[in-house]
Protein chains: 2
Amino acid sequence: MKNNQFAIVPTDSETAIAELTKIHFITPDMDALTTVPAVYQALLAKSLPEVHTASGLTHKFNNIMATSQHTLSEWLADATIVNNQVFYNVGLQLLGFLPGQDFELADPLLAMRDIHLPMVGDSAFDREALYYAWYLLLNTRGNNGQTLIESLTTRGYFVPFYQLPNDQKPLFFNGKAQAVFDTNALIRDVVYVEAPLDTDHDGQRDLLKVEILRPAETETGLKVPVLYTASPYNQGINDQAGDAQMHNVDVPLTAKEPDENTYADVEFQPTTAQLPAARTATTTTDTAEETFSREKSYTLNDYFLARGFAVVYAAGIGSIDSDGLAPTGDVDETTSTVAIIEWLTGKRQAFTNRDGNIAIKAWWCNGAVAMTGRSYLGTLATAAATTGVAGLKTIISEAAISSWYDYYRDNGLVVAPDTFQGEDTDVLAAEVFSRSLKAGDAHQIQPAFDQKLAELTADQDRASGNYNRFWDERNYLKNVDKIKADIIMVHGLNDWNVKPRNVANLWDKLQAVPVTKKLILHQGQHIYINNLQSLDFTDMMNLWLSHKLYGLDNHAETLLPNVLVQDNTQAQTWHGYDNWWQDTTDALDFKVQYKELVPADHTVDQRAAHFTDKLPDKLFDHYKHHLDSWQRDLLQEDKLNPLYDHRLLFKSWQAPEDQLLVGIPHVAGSVAVNKNFGMLSFMLIDFGAARRLTVSPQILAAKALDLGYHWREDDLKDFKLAGETPFKMITKGHLNLQNRHHPWHAEAIQPNVFYDFSVDLQPLFHHLLKGHQLGLVIYATDMKMTIRGNQDLQYSLNLNDIRLHVPMKKITD
Amino acid sequence: MKNNQFAIVPTDSETAIAELTKIHFITPDMDALTTVPAVYQALLAKSLPEVHTASGLTHKFNNIMATSQHTLSEWLADATIVNNQVFYNVGLQLLGFLPGQDFELADPLLAMRDIHLPMVGDSAFDREALYYAWYLLLNTRGNNGQTLIESLTTRGYFVPFYQLPNDQKPLFFNGKAQAVFDTNALIRDVVYVEAPLDTDHDGQRDLLKVEILRPAETETGLKVPVLYTASPYNQGINDQAGDAQMHNVDVPLTAKEPDENTYADVEFQPTTAQLPAARTATTTTDTAEETFSREKSYTLNDYFLARGFAVVYAAGIGSIDSDGLAPTGDVDETTSTVAIIEWLTGKRQAFTNRDGNIAIKAWWCNGAVAMTGRSYLGTLATAAATTGVAGLKTIISEAAISSWYDYYRDNGLVVAPDTFQGEDTDVLAAEVFSRSLKAGDAHQIQPAFDQKLAELTADQDRASGNYNRFWDERNYLKNVDKIKADIIMVHGLNDWNVKPRNVANLWDKLQAVPVTKKLILHQGQHIYINNLQSLDFTDMMNLWLSHKLYGLDNHAETLLPNVLVQDNTQAQTWHGYDNWWQDTTDALDFKVQYKELVPADHTVDQRAAHFTDKLPDKLFDHYKHHLDSWQRDLLQEDKLNPLYDHRLLFKSWQAPEDQLLVGIPHVAGSVAVNKNFGMLSFMLIDFGAARRLTVSPQILAAKALDLGYHWREDDLKDFKLAGETPFKMITKGHLNLQNRHHPWHAEAIQPNVFYDFSVDLQPLFHHLLKGHQLGLVIYATDMKMTIRGNQDLQYSLNLNDIRLHVPMKKITD
C-alpha cells in the first residue's frame with residue numbers, strides 16, 4: 001500500500017494534547033503514571049476497546065512485536081524509554097501492517113517513509129512527544145484505508161460519547177467530525193416540499209417527496225447541516241419504459257438541410273409561466289407523519305450520518321409520491337432540485353402529507369446545505385449551484401454533466417455515452433419517471449407524460465444532431481458566473497459515460513468565479529472513489545464539510561490540493577497541481593508523414609490518404625456485438641487486421657522523456673467525402689507495452705469499511721495494475737462534417753470536395769512514459785457511440801494538412 | 001420472474017386466522033367492521049407501516065389499481081364485495097409486480113399462475129375466505145424474492161413485537177420463525193473453548209476462540225439454539241504465505257514406482273495421543289469479558305439472528321487468538337470443530353480469557369446446534385457430522401468437500417480445484433494459519449508450524465498423486481455411517497472448485513444411514529444461493545431450522561423435496577425428484593465410429609486413433625495465460641483449431657427427445673502411450689446452439705434484501721440466460737494410467753502397449769435438449785487442473801474398445 005493523505009490538519013503539541021483529552025485518550029488518572037512507557041501502555045490499552053481486563057490486554061500485547069525479538073508484553077515489562085523504533089513497529093501493526101511482509105521490525109521508519117505515513121522525528125519520546133506521536137498515529141491511515149481513529153470508531157471507541165450533551169456535539173478531532181452519533185437512533189421523516197412549479201398542469205403546485213435522516217440529538221435542540229442528494233433514481237426506475245424508448249443506432253447518417261443559424265437563433269430564453277397559488281397551511285407541526293425504512297443511499301452520506309450531519313434525498317418532479325413531469329435536464333428540473341434547499345433554509349413550505357394542510361419546517365437544520373452525488377446526481381448539484389441559491393454552501397459533484405449536449409451529442413453528431421448506445425434524453429426521462437411504477441398514479445398521469453415524452457423526442461432532434469434551443473436550456477455552463485457555492489469536482493479520466501469535457505468546461509469557466517474550487521481527477525471510469533485504500537477522499541470531504549457546514553476553522557481550503565490527479569502509470573499514486581491546463585504553455589505539435597506523427601516543423605509533401613467506412617456485413621454485425629473487439633482491431637497495426645483499410649493510424653517517435661499531456665488536444669486538417677454528408681472520429685493512443693491500471697477499482701476486502709459503528713458497510717477497493725497491454729486509447733472526439741464551425745450551424749458540403757476541419761478532442765491528463773509513442777487514429781463510424789449506418793462513405797484526407805496539437809507539462813519531480 | 005416456493009406450510013383456515021391474530025393483522029377492533037371490503041381495507045392499512053394517517057393511506061391507495069379503471073381508493077369507496085380479481089390485482093402490486101409489464105389488470109389470475117404464485121379459488125370472499133387469502137398472500141413471494149411478510153418485516157412491521165415477553169418468543173408464522181428480535185440489541189461475546197487437543201505440543205490443551213452473537217432476550221432467560229459456522233477463514237487469512245507455498249504445475253509427469261498396495265496398506269488408523277490435563281477453573285461466571293465488533297458473517301446466519309437464533313463462529317486451531325496448528329482436513333481439525341459443539345451442549349469447558357481460570361458456560365443455549373457454511377466451512381460441518389456428536393441436530397453443508405483426495409487429486413493424478421492451479425493442502429494450511437498474521441504470536445509458533453507444513457508437503461505427495469494414509473485420514477466418507485445429524489446438502493453442478501463428486505459420494509453413502517437427507521443441486525459454480533429471486537431457499541432453511549432446532553411441527557421434512565434441481569435449459573426453473581441416480585435404470589450407451597458416438601449395439605471395426613499431448617511452446621504458453629481459450633479450442637471441431645490434433649472428439653447423433661443425464665458417466669477403452677507413464681482426461685460436452693445460464697447469479701438489485709429490519713443487507717440475484725453458445729462442457733474426469741485400478745495402487749506400464757482403462761467421470765444432472773448432441777473429448781493434459789509438463793507424450797486409443805455409459809432418466813413432465 002501507498003498512502004496518499006491530505007486531510008491531516010497540522011496541529012501543535014498543545015492542541016494535540018487538548019484534543020486527546022477531549023476524546024479521552026488522556027485521562028486524569030494518567031497523571032499518576034510516572035514513566036513514559038507506563039503512559040504508552042495506557043494509550044495502547046485504550047486502543048483495544050474489545051478487551052477490558054489485564055488478561056485480555058496481555059494477550060493482545062502478546063500478539064504484537066515491539067522489537068524483532070520481543071513482544072509488546074515482554075518489552076513493556078522492562079521498558080524505561082519509548083523510542084521511535086518501538087513506537088512505529090507497534091504503530092504499523094496497529095495500522096494493520098504485517099512484519100516480514102509489509103515492513104521489517106528492524107527498520108519501521110523505512111516502511112513509514114515508503115508507505116508515505118507521517119511520523120515525528122524524535123528518536124526517544126518524553127511524555128509530551130509521546131502524546132504528539134500518538135495523536136499523529138491516530139490520524140494516520142492504515143492498511144485497510146482507515147485512519148487508526150476510524151478503525152477504533154468501527155470497533156466501538158466512540159460509543160460512550162453517544163451520551164455527550166448536545167453542547168459537546170458534534171465532536172471534532174484533527175479538524176474532522178467524529179462518529180459520536182448513534183446511527184441506530186436516527187430519525188427518518190418524509191415531508192412534501194411545495195415547489196414553485198406546476199409541471200403536470202393540474203392547477204396545483206408540485207409537491208416533492210423528501211426523505212430525511214437526522215440524528216436523534218436534533219429532537220433535543222441540536223441544529224445540524226444537511227447533505228442533500230438529488231437523485232431521480234432514488235424512488236425507483238422504470239427500466240422497461242427506458243428500454244422501450246431506446247433508439248436504433250443502426251441508421252444511416254443523412255445530409256442536413258443547411259441553415260444560417262447563429263447562437264442567438266438557438267439561445268434559450270426562460271419564460272415565466274403562470275403559477276398556481278401556494279397552498280395555505282391550516283396548521284403547523286414539528287412532527288412528520290410518514291417515515292421510510294430504507295433509502296437508496298450513497299455511502300459517503302451514510303458516513304456523515306454517524307458524524308452529526310443530516311442527509312436528505314429527493315427524487316424530484318416525476319418520481320414516485322411526487323407530482324410533476326421531468327423532461328431530462330430542463331429548467332423545471334433545476335427549480336425542483338433547488339426547492340428542497342429553499343425549504344431546508346426556511347424559504348419554502350413543506351407539508352406532512354399530500355393533502356397539503358399541515359405545514360412542517362426544517363426546524364432541525366442549521367441552514368447550511370451541501371449537495372453530493374455522482375452522474376445525474378452530481379449533475380443536479382451542479383444545476384442547483386448555477387442558480388446561486390442561498391444556503392447551498394458547497395457541492396461535491398462527481399462525474400457530473402455540465403451540459404447535456406456534451407453528454408448525448410458532439411459537434412453536430414449523436415454521440416452516446418459509453419455502454420449506452422441509443423440512449424437519449426427521452427430514454428432517461430422515461431426511465432426516471434418513476435410515477436409510472438405506481439399503477440394508480442400512472443393511470444391518470446401517463447397520458448400527460450407520454451405527450452411530454454413525444455415533445456422531448458422531437459426537440460432533442462436526433463435527426464440533425466445540432467445544438468438547438470432545447471440543448472441550450474440544458475447547458476449549465478451558461479450560468480457558471482452565478483455560482484456562489486464552493487465546489488469540489490471529481491471525475492474519471494476514463495469516464496466515457498460522462499465524458500471528461502463535462503468537468504473540464506466547468507473547471508475552466510469557474511476560473512473566473514470567486515468561489516473556492518477543487519478538482520480531483522482519477523483513473524476510473526464512471527465510479528465513486530470514497531472507498532479507496534490509497535486515498536483519504538472521505539477524510540478530505542470530512543475536513544471540507546466540517547469547514548463549510550459547521551464553520552470549523554481547519555485549513556480545509558489550503559490542505560486540499562487545487563487539482564489532485566491520480567497517476568496512470570503506477571498504482572496508488574496521486575499528485576497535487578495548481579491547475580489543469582490553464583497555466584500550461586508547452587505543447588506537442590505534430591504533422592503527419594505517411595503513417596507517422598512528426599514534429600510540426602518538418603517539411604512534408606505527400607498525397608491524400610483514403611479510407612472507406614463501410615465494413616463487410618458480417619464483420620459489421622460481429623463488431624456490433626463485440627464492441628471491445630472493434631476497438632482493439634481499430635488500434636492494431638497489423639495489416640491483416642480487418643479494420644486496417646477503414647481508418648488512418650499515425651504514430652509518433654518514442655517519447656524522449658516522461659511527459660504529462662494535459663488539457664485539450666486539437667486536430668485540424670482537410671477532408672473530402674464521396675457524399676454530401678459525413679463524419680470523422682478521432683482517437684489519441686498511448687502506444688507502448690506496459691502494465692496499466694484497471695479502469696474499475698478491485699475489491700480488496702468486502703464489507704471491510706464500517707461507516708460508523710455497527711452501521712452500514714462499504715467494500716475496500718483500489719485500482720491495480722493489470723497485465724501488460726500494447727496500447728491504450730486516451731482520448732477521442734467526433735465531428736459531423738456539416739458542423740465544422742458550430743454545433744448549431746449546419747453547412748452544406750459537396751461530394752469529393754476538400755474542406756478544412758478543426759476539432760477539440762476530450763481533455764486529457766495523461767502521463768506518457770518515456771519510450772512510449774503517441775498515436776492518432778482518424779476514422780468515421782464509432783461503433784460504441786455514433787449512429788452506425790454502415791454506409792458506402794469514402795473519406796480522403798490531405799496528409800499535408802493534418803495537424804495535432806497536445807498541451808503538455810514537463811514532469812519536474 | 002418465476003417463483004419456486006417450497007416452504008409454505010399448508011394451513012387450515014382456523015389456524016390461519018389464529019396466526020393472523022397472533023401477528024396483529026386481525027385485531028379486536030376489526031369485529032366492528034361490518035363489510036368484507038371494510039375488513040380488507042383494514043388489512044391493507046396494516047400492510048403500510050410507513051404511514052399512519054388517513055391522508056397517508058389514501059395516497060398509498062391512490063397509487064394502486066384495483067381494476068383496470070379504478071384505483072384502490074376509488075374502488076374501496078364503492079365496494080360491496082371483494083372478489084379475487086381485485087384481491088390479486090392489488091396483491092400482485094403489493095408483491096412488487098407492475099401492471100402492464102408483469103401482469104394485466106384484466107386477468108391477474110393468469111399472472112398468478114404464470115409466475116407460480118399460490119392462490120385461493122374463491123371468486124368472491126366472505127370474511128373468513130378473505131382472511132385465508134390474505135394469510136396466503138403474506139406467505140407469497142414477490143418480485144424482490146421476499147414474501148410479503150418478509151417485505152413488511154424489512155419495513156418495520158415487527159418492531160412493536162420486540163417488546164413481547166420471552167414466553168411469546170420466538171414467534172412462528174406459517175411454520176417459520178419471524179424477525180421479532182432487535183438486532184441492534186444483539187450481545188457479542190468472546191469465549192475460549194478448551195479442546196481435547198494439544199496440537200502445538202506446549203503441554204496445555206488448545207484454547208479456541210469463539211465469537212458468539214445472541215439475542216438480548218437470552219439475558220432474561222430465553223434459551224436459544226445455535227447456528228454454528230466453523231470457518232478457518234474467519235479470523236483472517238495469510239494470502240502471502242499461501243502464495244509462497246503455491247506449487248509450480250509446469251512440471252513433467254513421471255513414472256511411479258510400481259507398488260503392491262491394497263487399501264489396507266493405506267488405511268488410516270487413529271492413534272490416541274497423550275493429552276495434557278484439562279485446566280482447572282478457579283471460578284465461574286455468566287459474563288464474558290471480551291467482545292468483538294464485526295465478525296465475518298454468512299448472510300444466512302445474519303437472517304436468523306433477527307429470528308431468535310444465536311450464531312457462533314470459530315476459526316479453530318491455528319487461527320488468530322486460538323492455539324494449535326491445523327494441517328488441512330486432519331482428525332485434529334475435526335476434533336477442534338466438534339469441541340465448540342461440546343461446549344455449547346455443556347460437555348466441555350470454556351474460559352473468559354486465555355489465562356484459563358474463569359470458566360463460562362453456554363447457559364443461554366437450548367442445546368440444539370446446526371452447522372452452516374460453504375466450501376471449507378461446509379466441509380467442517382460434514383466432518384463434525386461424521387463424528388455423530390450429540391447436540392448437532394442438523395447441518396446445511398454447501399459446496400462441501402467429502403474427501404480431500406476428491407478435492408486435490410483424481411485417480412492417481414494431482415488435479416487442482418478450478419482457478420486454483422498449484423494449490424494443495426499445504427497451501428491452504430499456510431493460508432488459514434492466521435496466527436502468522438499476529439507477529440507476536442507468530443514469533444514463537446512459526447517454527448513449529450513450518451515444520452508441520454513441511455510434513456504436510458511431504459505427506460500429500462504431489463510426486464505420486466496416489467491415495468495414501470494421509471488422504472485416508474482426510475476422507476470423511478469412511479465415517480458416514482456414524483452421522484446422526486439430519487443433513488441438507490447444497491452443491492453447484494458447475495462447481496469445478498469443489499467438484500460434484502464430493503456431494504454425490506456423500507449423498508450416495510447417506511442412502512443407507514437413518515437420518516433425513518435433502519439435496520439441492522443448482523446450476524452455479526462455487527456460490528451461496530440464499531439470495532436468489534426465484535427460489536425460497538432462505539424460507540426453506542427457516543422451516544427446516546425452526547423444526548430441527550426449536551422442535552416446531554411444521555412438516556419441514558415432507559415439504560422440502562428430497563432432491564431439488566435447477567434446470568439448466570431455462571431460467572428460474574427448479575424441479576423436485578426423489579433421488580439423483582440411485583433409482584435410475586435407463587442409460588445411454590455408446591461406442592465410437594470414426595468421430596462419432598454411436599449406439600453400443602452398432603458393429604464397428606476400425607483402427608486406433610492417435611493424438612500427441614505436446615503443444616508448440618508458444619501456444620502452450622498462450623494457453624497457460626488464457627485457460628478459457630484453451631478450453632474453447634479443445635472443444636472446437638474446426639480443423640484449423642490448434643488443438644485439433646491434440647485430442648479426440650466424438651459426437652453423438654442429435655438427441656431424439658429431451659433427456660435427463662443423471663449420475664456417474666463411465667468411460668472405458670484401451671490406450672497405449674509412448675512412455676512408461678501417462679494420463680488421460682475426459683470431458684462430456686453438450687453440443688447445440690442455445691442460450692445457457694450464466695454460472696454465476698447476476699445482481700438484480702444491490703442491497704435489496706434487508707435480513708431483518710435496519711439490519712445487514714444482501715444483494716438480490718439470479719441466474720440469467722446469457723447469449724447463445726455452441727456447446728458447454730458438462731462433466732470431466734482424469735486418470736493416471738498407472739492407477740487404472742486403484743488410486744492407492746500404482747502399476748507399471750510399458751511404452752506402446754495397450755492397456756484397458758475404465759473411469760468414472762464427475763456426476764451429472766443435466767437436461768440435454770432434443771436435437772442437441774452429446775460429445776466425448778479424450779485428451780491428456782488439463783491446463784486448468786493437472787500438472788502441465790508439455791511433454792512429448794503420444795497416445796493411441798483403440799477405437800473399437802471405447803465405451804461411454806451415461807445413466808439417464810426419461811423426462812416425463
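Start by selecting chain B and chain A together: this predicted model has 35 residue pairs in polar contact between them, both partners at pLDDT 80 or more.

Now colour the chain B side of that contact by secondary structure. The elements that each give two or more residues to the side touching chain A are helix H3 (54–62), strand S3 (187–194), helix H9 (239–245) and helix H16 (439–460) of chain B. H3(B) brings the largest share, five residues. Switch to colouring by residue class and the side of chain B that touches chain A splits into 11 nonpolar, 24 polar and 15 charged residues.

Next, show both faces as surfaces. Chain B puts 50 residues into the contact, and chain A puts in 50 residues. Together the two chains bury about 3,800 Å², with 45% of it on carbon and sulfur atoms. Pick out B:Asn63, B:Gln101 and B:Ser293: these supply 14% of the area that chain B buries against chain A, more than any other three residues.

Time for the charges. How many salt bridges does the rule find across the interface of chain B and chain A? There are six. For one of them, zoom in on B:Lys60 and A:Asp321, where the closest N and O atoms sit 3.2 Å apart.

B:Lys60 is among the buried residues of H3(B), along with B:Ser55, B:Gly56, B:Leu57, B:His59 and B:Phe61. What do the buried residues of H3(B) pack against? Within chain B, look for helix H2 (36–46) and helix H4 (72–78); over in chain A, look for strand S5 (187–194) and strand S6 (207–214).

Last stop: select A:Asn411, in the loop between strand S14 (409–410) and strand S15 (413–414) of chain A. The side chain of A:Asn411 makes a polar contact with that of A:Asp410, at 3.4 Å. Leaving aside neighbours within four places in sequence, A:Asn411 is in contact with A:Tyr405, A:His734, A:Leu735, A:Asn736, A:Asn739, A:Pro743 and A:Val759.

Conventions:
Residues numbered from 1 in each chain as written. Chains lettered and ligands numbered in written order. Predicted model: local features only at pLDDT ≥ 70, side-chain atom pairs only at ≥ 80, totals over all residues. Heavy atoms only, no water. Contact = heavy atoms within 4.5 Å. Buried area = accessible area lost by both parts, 1.4 Å probe. Salt bridge = Lys/Arg side-chain N within 4 Å of Asp/Glu carboxyl O. Polar contact = N/O pair within 3.5 Å; in protein donor to acceptor, adjacent residues only side chain to side chain. Helix = DSSP H or I, 4+ residues; strand = E, 2+ residues; numbered from the N terminus. Nonpolar A, V, L, I, M, F, W, Y, C, P; charged D, E, K, R; others polar. Buried < 20%, exposed > 50% of the residue type's maximum accessible area, 1.4 Å probe, protein only.
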